[in-house]
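Open the model in your viewer and keep the selection panel handy. We will go from pockets to a sheet and then to some rings.

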Amino acid sequence: MTIADTQAHLEALQHRLADLLREVQTVIVGQDDVLRGIITCLLAGGHGLLEGVPGLGKTLMIRTLAAAVDLSFARIQFTPDLMPADIVGTSVLVDRPGGGRELAFQPGPIFNHIVLADEINRATPKTQSALLEAMAEGQVTAAGKTRGLPEPFLVLATQNPLEMEGTYPLPEAQLDRFLFKIDVPFPGERELLAILDRTTGTKSAAARPVLDGPTLLEMRRFVRAVPVVPSVAEYVVRVLRATHPDDARATDLVKRYVRFGGSPRGAQAVLLAARIRCVMDGRKSPSIDDVRAVAPSALRHRVILNFEGEAEGIAIDKVIGQVLTGVPADADKSRS
């Protein structure tokens, strides 16, 4: 592919992403950073965890995005009595056309392109684990057989940070499967007025399809081919290592309050998301600023506080912020 072809592909992809964002915003008011985070997950082929108080439109965002990319969508409401078979499916007895009965597999809601796991932390760990194989491998094992999931496949989960009674915190292994943990903020006054105007009148907006599955898969291949200069990749590695309390670059907050730092999968998430951010802004290669912009969403669920950090209510974003400002962009300065 020539430089001119690459530039044309970049501009076309940027326009498509801008169209997608505008289409979703015909339904969703504000929340630009949240929407960009969800679109990043979509482009990266990585799953997203959205955290926010009830009533912020998290479910509507995900449903609207599925409509705008013209992909099949399923919502699973996680409750304490939800069973793994309710997610992956089960075998049932059905009548044969010629008489008699046979066991036939009835696929569960996981067999859709975009799956909303609503209030995922309200289900038991056994049920939560039913998602692990799907999220990691794009397949599930049910009724003694491994079954592939449709491509593209994406799990977008939500959880409420306020009501912790009767919930089951996600284990670290499952949290690590999410590309991003996205904080959904409370809207401002102008956004609230716009929400009231859109939702309490007689008119209702709906998103129209602006992308499709094959186009999305092609876009995923393109963003993974975006070149990264060695200095940016090296900075990602230094940032990740600095989240570990036993590393020489660890900051004061990390040494005092962190039990475990980010995993190698966290570094992969940061670099891939940085690639996507630069493409969304129409640039050919990610920069240090791109890394710093996406690192909190990619690492906040992977850096685990110790008992003292939990007891003192240390904000994980504050810890990551200190790492990002404490690790110099220049490798030579980092060694000095």
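Start at the second largest pocket, whose lining has 10 nonpolar, five polar and eight charged residues. In that count, Ala, Val, Leu, Ile, Met, Phe, Trp, Tyr, Cys and Pro are nonpolar, Asp, Glu, Lys and Arg are charged, and the others, Gly among them, are polar. A pocket here is an open set of points on a 1 Å grid over the protein atoms alone, where a 1.4 Å probe fits, with protein on both sides within 12 Å along at least five of seven lines; lining residues have an atom within 4 Å of a point.

Before you click further, note that this is a predicted model, with local features needing pLDDT of at least 70 and side-chain atom pairs pLDDT 80 or more, while totals for chains, interfaces and linings use all residues. Numbering starts from 1 along each chain as its sequence is written, and side-chain values use heavy atoms, without hydrogens and water.

Select A44, G45, G46, M135 and R224, the closest to the centre among the 23 lining residues. Then colour α6 (130–137), α9 (213–224) and α12 (264–280), which each supply at least two residues of the lining. Helices (H or I, at least four residues) and strands (E, at least two) are DSSP runs, numbered from the N terminus. The space here is about 530 Å³, a volume filled by probe spheres set on grid points joined across faces, edges and corners.

**The largest pocket.** Move on to the largest pocket, with about 650 Å³ of space. Pick E51, L175, K181, R300 and E310, which lie nearest its centre among 24 lining residues. Among the elements giving at least two residues each to this lining are β9 and α14 (307–311).

**The sheet.** Now show the open sheet of five strands, ordered β2-β5-β8-β1-β9 with parallel pairing; strands pair if DSSP finds at least two bridges between them. β2 (73–77) and β9 (178–183) stand at the edges with a single partner strand each, so one side of each has no neighbour in the sheet. Zoom in on β2 and β5 (residues 114–118), parallel strands joined by five bridges. Q77 has D118 in β5 as its bridge partner.

**The rings.** Finally, select F105 and F111: their ring centres are 6.0 Å apart and their planes at 75 degrees, so the pair is edge-to-face. Rings of Phe, Tyr and Trp (its six-membered ring) pair if their centres lie within 6.5 Å, with planes under 30 degrees apart stacked, over 60 edge-to-face and the rest tilted.
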